[in-house]
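Here is a short tour for a first look. Keep the sequence and the 3D view side by side as you read.

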Amino acid sequence: MKTHFDAPLGDSLMLVPARVHEAQGRARRAFALFQAARTTGVLVWIVAAHIPELPFLGALPSGVNERLHIFRPTGETDLLWAVEETLRAPAVGLVIAEPQQSLSLTAGRRLQLAAEAGQTRGLMLIRNEAGSNAAETRWVCEAVPGVGQDSTLQRWALSKNKKGTTGSWVLNWNGTSSAFNLVSEARERHEQAPSPG
Amino acid sequence: MARRLLSIWFPKLASDTSRRRRPVEGAFALVLRAGNLDHLHCLNKEAEIRGLRQGMSLADARAICPELQTRPADLPSEKAALESLRRWASRYSPMIATEGVDGLVADISGVAHLFGGEEDLRADLDARLARADVTAVTAVAGTRGAAHALVRHGGGIVPEGKLAEGIGHLPVSALRIDHATADGLARVGLPLIANLIDLPRAPLSRRFGPGLVLRLDQALGVQPESVSAEPEPPHFGVRMTLPEPIGLQSDVMAGLARLLDRLCSKLALHHMGARRVQLELRRVDRATAKVEIGLARPMRDSTRIAALFAKGVDQVDAGFGIDCLRLSATLVEPMPPEQTGGGPALKADDALADLLSSVGNRLGFDRVLRMIPADSQIPEKSFQLVPAIYSAAEPAGPRRVAPRPITIFPPEMVLDTVGQRPGTPPARFRWRAMWFSTLRAQGPERITPEWWFDDPAWRSGMRDYWRVETQEGPRLWLFHTPQSPGWHVAGEFV
């Protein structure tokens with residue numbers, strides 16, 4: 001496992017502004033909500049109309065539901081158009097979208113240009129390995145079984161990073177605010193244990 | 001110049017309106033319910049010939065005329081019909097107003113010669129109304145009171161300077177006075193207006209009140225009474241007719257920009273903002289193409305509205321060319337003037353409204369949504385997705401003590417369950433083609449369906465919700481329906 005300690009951890013988990021990022025894995029929606037709680041400004045969640053999963057209003061992190069807008073386009077073309085249009089709008093802080101098909105390089109590049117034009121962050125919740133090479137970062141998000149009743153552990157691994165190093169973090173985020181606890185990962189010990197006494 | 005007043009009375013306005021909408025043969029009446037008694041509100045000529053009268057109770061009318069056809073009276077549509085008749089009748093005079101619920105009064109001073117004199121004007125009006133199958137009585141007189149009195153008693157024309165002779169033969173009840181006064185006058189032997197004209201005013205006023213004298217003097221022209229035309233509601237539509245047909249998109253957009261400037265200044269004048277704007281393009285071959293856009297909030301900024309039309313105009317088939325553009329705001333809302341400039345917050349609001357408008361015009365405004373909390377214990381109904389442009393953000397209520405998932409979806413059946421003891425979640429289960437082992441379970445939280453609302457999804461009865469942590473990682477929201485045993489997954493936690 002490789003972790004860089006140059007920057008504080010909070011900054012490592014912060015998405016670079018004016019770029020489009022990707023998240024995959026089962027717990028990608030939790031990652032998206034974590035990012036939503038950490039950004040300011042209007043939030044737009046673009047999800048195709050036939051997808052049954054919706055954010056549940058009563059459990060969103062505090063301050064998210066007032067800012068959240070949900071667009072439900074009917075087709076993939078409309079979805080990508082809506083993402084591009086929203087990224088271009090200067091009023092929006094974070095655009096979260098769930099494309100159903102793999103993003104082509106052209107589509108990914110267009111979204112990056114739109115994000116730069118509107119100075120907006122984008123986060124694509126992609127299916128596994130359905131991302132585009134134009135993404136700024138790609139996160140693999142999985143839930144980790146907790147050790148206690150109230151521990152909700154997440155493993156967020158940065159598998160692609162255009163402007164920095166990759167890494168993997170296990171942290172405890174309970175979904176109510178943008179605060180989190182870093183959890184030191186258990187590892188196999190190679191050195192000898194100190195003798196007791 | 002002497003004033004001339006035209007009065008029009010529609011004695012069967014309600015039944016004429018109703019019959020125009022849906023023709024009917026034979027005796028027909030509209031029925032209005034007052035208290036708990038149905039009585040005849042308005043009836044047609046056949047019904048009157050059969051001996052029915054207005055105000056008669058429906059039971060009596062049915063006894064007299066068993067084949068009477070009835071419909072419930074519709075007072076708002078009656079009012080709208082009178083209003084449209086008023087607009088039509090403004091062809092005879094600009095000064096026209098409604099009088100009561102079934103009459104019009106117009107000031108036609110200096111207008112009659114345009115129609116060839118008062119007789120011809122009245123004949124023209126009667127002929128047009130008869131062709132439209134609207135029963136009407138018309139009268140022309142030198143005062144409003146006299147015209148009103150005459151129109152209720154057969155109509156006609158009172159020549160200039162002959163007011164007293166013209167209305168003298170009418171009963172006093174024609175003077176717009178109440179029943180008690182009219183009865184009182186008849187009892188003292190003054191049944192006609194002619195009896196009143198020569199009487200001294202002071203004793204009359206002392207005995208019957210100042211109202212009678214006022215009405216009498218108004219009818220005779222001693223007291224002035226004017227007709228005030230009602231203001232027309234503003235119409236937010238502009239159009240442009242072109243000498244040569246155009247076909248280029250840029251030309252249409254240039255024409256649209258000019259129309260929008262005019263429309264927006266009109267909206268600004270009335271402190272209104274457009275919510276829907278429609279552009280009609282009439283082609284040389286008389287076909288019409290329509291482009292309609294919606295706006296996320298009331299707006300009258302021409303450049304921002306024009307940008308939304310670009311896509312719709314692009315798809316219009318110009319054919320041999322377009323020679324008429326018509327732009328109308330089909331839905332307007334009040335929009336008070338705002339201070340220009342504004343702060344950054346106002347600019348962000350504008351930018352967001354622009355985004356919602358452009359996205360809504362392509363996806364449909366029912367797909368641009370916002371979540372607002374709803375008052376229900378049922379998880380699926382504890383929030384609502386509502387169109388963002390017709391709602392404001394609401395803060396969610398206080399966080400519940402019971403755990404709630406961050407994503408929710410319609411319940412999905414758990415296919416195989418292994419190692420289940422009564423009252424606890426299964427030790428192993430299969431969901432979405434994957435096996436999960438229960439590591440920890442928290443619950444149950446029992447939610448019962450709302451008995452006052454039959455929801456098909458909740459026919460299986462009450463549900464026991466569990467938060468189940470799995471060894472594989474996902475923390476799922478399972479529920480068990482004890483009344484029809486089975487396990488379902490309904491959501492996923494953080």
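## Chain B overall

Of the 494 residues in chain B, 46% are buried. This is a predicted model. Chain B holds 14 helices and 21 strands. Take the contacts in chain B between residues at least 6 apart in sequence: 56% of them join residues at least 24 apart.

## A five-strand sheet

Chain B contains an open sheet of five strands. Their order is β5-β6-β1-β7-β8, and the pairing is mixed. As a general point, strands of a sheet pair through backbone hydrogen bonds, either parallel or antiparallel.

Which strands stand at the edges? They are β5 (96–99) and β8 (156–157) of chain B. Each has a single partner strand, so one side of each is left without a neighbour in the sheet. Strand β7 (residues 137–141) of chain B runs parallel to β8(B), and two bridges join them. Across this pair, A139(B) stands opposite G156(B) of β8(B).

## Helices on the sheet

Two helices can be followed here. Helix α4 (residues 75–89) of chain B packs on the sheet and touches β5 and β6 (103–107) of chain B. The direction of α4 makes about 155° with that of β5(B). Helix α5 (residues 118–131) of chain B also packs on the sheet. There, α5 touches β1 (5–9), β7 and β8 of chain B, and its direction makes about 165° with that of β7(B).

R86(B) lies in helix α4 of chain B. Is R86(B) buried or exposed? R86(B) is buried, because its relative accessible area is 2%, and buried means under 20%. Leaving out residues up to four places away in sequence, R86(B) touches I96(B), A97(B), T98(B), L104(B), E230(B) and E232(B). R86(B) and A97(B) are eleven residues apart in sequence, with their C-alpha atoms 7.0 Å apart in space.

## A helix pair

Helix α10 (residues 201–208) and helix α11 (residues 210–220) of chain B pack together. Their axes are 6 Å apart, at an angle of about 135°. The two helices, α10(B) and α11(B), are therefore oblique to each other.

From α10(B) come R201(B), L204(B), S205(B) and F208(B). They meet P210(B), L212(B), V213(B), L216(B), D217(B) and L220(B) of α11(B). The residues of this contact divide into seven nonpolar, one polar and two charged.

## A buried arginine in a strand

R275(B) sits in strand β10 (residues 272–283) of chain B. R275(B) is buried, at a relative accessible area of 4%. Leaving aside neighbours within four places in sequence, its contacts include I293(B), L295(B), R297(B), E333(B) and Y390(B).

## Cores and a loop

The largest nonpolar core has 74 residues. Which of its residues touch the most other members? They are W45(A), I46(A), F71(A), V83(A), W139(A) and W156(A). A second, separate core has 34 residues, among them V172(B), A174(B), L185(B) and A219(B). Not counting residues up to four places away in sequence, I46(A) touches F71(A) and V83(A), and its other contacts include P73(A), L79(A) and I96(A).

S102(A) is in the loop between β5 (92–98) and α4 (105–118) of chain A. S102(A) is exposed, with a relative accessible area of 53%. S102(A) and G131(A) are 29 residues apart along the chain, yet 5.8 Å separates their C-alpha atoms.

Methods:
Residues numbered from 1 in each chain as written. Chains lettered and ligands numbered in written order. Predicted model: local features only at pLDDT ≥ 70, side-chain atom pairs only at ≥ 80, totals over all residues. Heavy atoms only, no water. Helix = DSSP H or I, 4+ residues; strand = E, 2+ residues; numbered from the N terminus. Buried < 20%, exposed > 50% of the residue type's maximum accessible area, 1.4 Å probe, protein only. Contact = heavy atoms within 4.5 Å. Core = buried A, V, L, I, M, F, W, Y, C linked by side-chain atoms within 4.5 Å. Pairing = 2+ DSSP bridges. Axes fitted to C-alpha atoms, helices over the stretch in contact; angles between N-to-C directions. Parallel < 35°, antiparallel > 145°, perpendicular 65-115°, else oblique. Nonpolar A, V, L, I, M, F, W, Y, C, P; charged D, E, K, R; others polar.
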